[in-house]
Amino acid sequence: MLSRRLFTVGPVNVEQEVLQSMTRPMITHRSKDYKTLHQAIIEKTKKALDTDMDILMVGGSASLFLEGVIRNGVRSKTLGFTNGSFGDRFIEIAELNGKTVEKVRADWGKAIRAEHAKGKAKDDIEAAHWVSNESSTGVFSDSNEIAEEIRSQNPNAMLFVDAVTSAFAMDLKLRKLDADAVIFGTQKALALPPGLAMVAVSSRLLEKAKTVQNRGFYTDLLKLKKQNDENYALTTPPVSLMYALDFQLDRILSEGMQARFSRHKEMADIVEEWAGRKLHGIFPEKGFRSNSISVLNKGDLDFDKFHSSLKSKGYEISSGYGDVKDRTFRIGHMGDTTPSGVKQLLSVMDEILEEKA
């Protein structure tokens with residue numbers, strides 16, 4: 001099969017040395033060796049994210065914990081913000097779990113702002129949830145701004161943040177945010193294969209869970225917390241992927257988080273400048289653009305033909321998604337992707353555009 005360099009929204013490109021780290025001999029998940037591995041991952045994740053929150057992980061995609069926090073933190077009603085497909089998904093998950101959702105919709109391409117929350121966090125709202133970095137539109141909303149407004153109205157409301165494409169790429173300022181759940185997975189800015197869901201949870205959420213029925217088994221945060229405190233998993237985890245996560249966290253900490261955030265910003269700036277020169281610019285509003293995903297206006301570009309040519313040259317990007325699928329396409333620049341790598345991709349894209357001119 002043809003090998004391609006992925007500049008996709010996820011899964012993203014995984015470096016060869018990271019893949020190689022998965023080939024260590026297998027261990028059982030009830031052994032001392034496993035406990036050492038589990039503890040190291042938790043400690044390094046807390047250090048990288050600068051948080052004292054509990055870090056829980058299970059085999060699965062991050063959507064598992066979107067469902068988990070709803071099932072553990074909400075008895076009846078939530079406040080769901082959306083400005084794209086994945087905000088819609090968070091709302092759908094809550095509704096499919098029998099919760100009533102008060103919906104607040106921002107325009108696609110626009111950020112969720114404090115003004116969207118004004119007067120919405122009534123006393124019966126148990127939790128508010130939103131996507132910090134909307135993958136369908138490339139919009140990064142200021143979660144701290146949203147959280148402050150909600151707290152001013154209802155300090156008892158839980159705050160659940162989908163950080164799937166922002167964690168480890170953009171600074172969420174978790175200490176200031178003081179959210180109750182921050183959810184992410186391995187296949188985005190951690191630059192690992194898919195298969196491990198992770199969540200940072202507050203003590204408030206864990207206390208609330210004690211009062212909520214029907215938390216499930218696999219999504220029961222209290223069961224996960226009990227095992228996590230002993231550096232064990234609730235069920236059999238993807239140990240090989242955990243080897244890679246431990247290895248990758250060392251690389252991330254060695255780079256330094258501020259340097260990592262700056263690198264992602266540089267890549268986003270490179271794509272934005274190119275899109276303005278070569279195509280029809282970036283889709284989302286200025287000032288709220290993601291540093292891990294660029295959503296470009298495609299104009300009259302035949303994306304399918306363009307992408308076919310790009311893949312034949314060894315590169316892959318992502319099509320548009322959701323309501324703006326026909327108007328946009330997406331370039332992922334997260335994880336271990338570098339500014340020089342982005343420039344190389346864009347030079348190949350230039351070649352294809354010239355061939356079709």
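Below are my entries on a few strands, one threonine and a pair of helices.

**Entry 1: before starting.** I noted that this is a predicted model.

**Entry 2: strand β14.** I started with residues 328–332, which make up β14. Buried or exposed? Five of the five residues are buried, so I wrote the strand down as largely enclosed by the rest of the structure. Next I checked which way the residues point. T328, R330 and G332 go one way, F329 and I331 go the other, and all are buried.

**Entry 3: the neighbours of β14.** Which strands pair with β14? I found β11 (residues 293–297), which runs antiparallel to β14 and is joined to it by five bridges.

**Entry 4: strand β2.** I moved on to residues 54–59, which form β2. This strand is mostly covered, with six of its six residues buried. I sorted them by direction: D54, L56 and V58 point one way, while I55, M57 and G59 point the other way. The strand running antiparallel to β2 is β10 (residues 196–201), and six bridges join the two. One I looked up by name is V58, whose bridge partner in β10 is A197.

**Entry 5: T82.** I picked out T82, which sits in strand β3 (residues 77–82). How accessible is T82? Its relative accessibility is 2%, and the cut-off for buried is under 20%, so T82 counts as buried. A polar atom of the T82 side chain lies 2.9 Å from the backbone oxygen of G84. I also listed what T82 touches beyond four places away in sequence: G87, D88, I91, V104, R105, A106 and I112.

**Entry 6: helices α3 and α4.** Last, I looked at how α3 (residues 63–73) packs against α4 (residues 85–96). The angle is about 50 degrees and the axes are 9 Å apart. That angle makes α3 oblique to α4. I noted the crossing as right-handed. Which residues meet there? From α3 I have S63, L66, E67, V69 and I70, and from α4 I have R89, F90, I93 and A94.

Methods: Residues are numbered from 1 along each chain as its sequence is written. This is a predicted model: local features need pLDDT of at least 70, side-chain atom pairs count only at pLDDT 80 or more; totals for chains, interfaces and linings use all residues. Side-chain values use heavy atoms; hydrogens and water are left out. Buried means under 20% relative accessible area, exposed over 50%, partly exposed in between (1.4 Å probe, protein chains only). Helices (H or I, at least four residues) and strands (E, at least two) are DSSP runs, numbered from the N terminus. Two strands pair if DSSP finds at least two bridges between them. A polar contact is a pair of N or O atoms within 3.5 Å; within protein, one must be able to donate a hydrogen and the other to accept it, and residues adjacent in sequence count only if both atoms are side-chain atoms. Contact means heavy atoms within 4.5 Å. Axes are lines fitted to C-alpha atoms, for helices over the stretch in contact, and angles run from 0 to 180 degrees between N-to-C directions. Angles under 35 degrees count as roughly parallel, over 145 as roughly antiparallel, 65 to 115 as roughly perpendicular and the rest as oblique. A crossing is left-handed if the near helix is turned anticlockwise from the far one by less than a right angle, and right-handed if clockwise.
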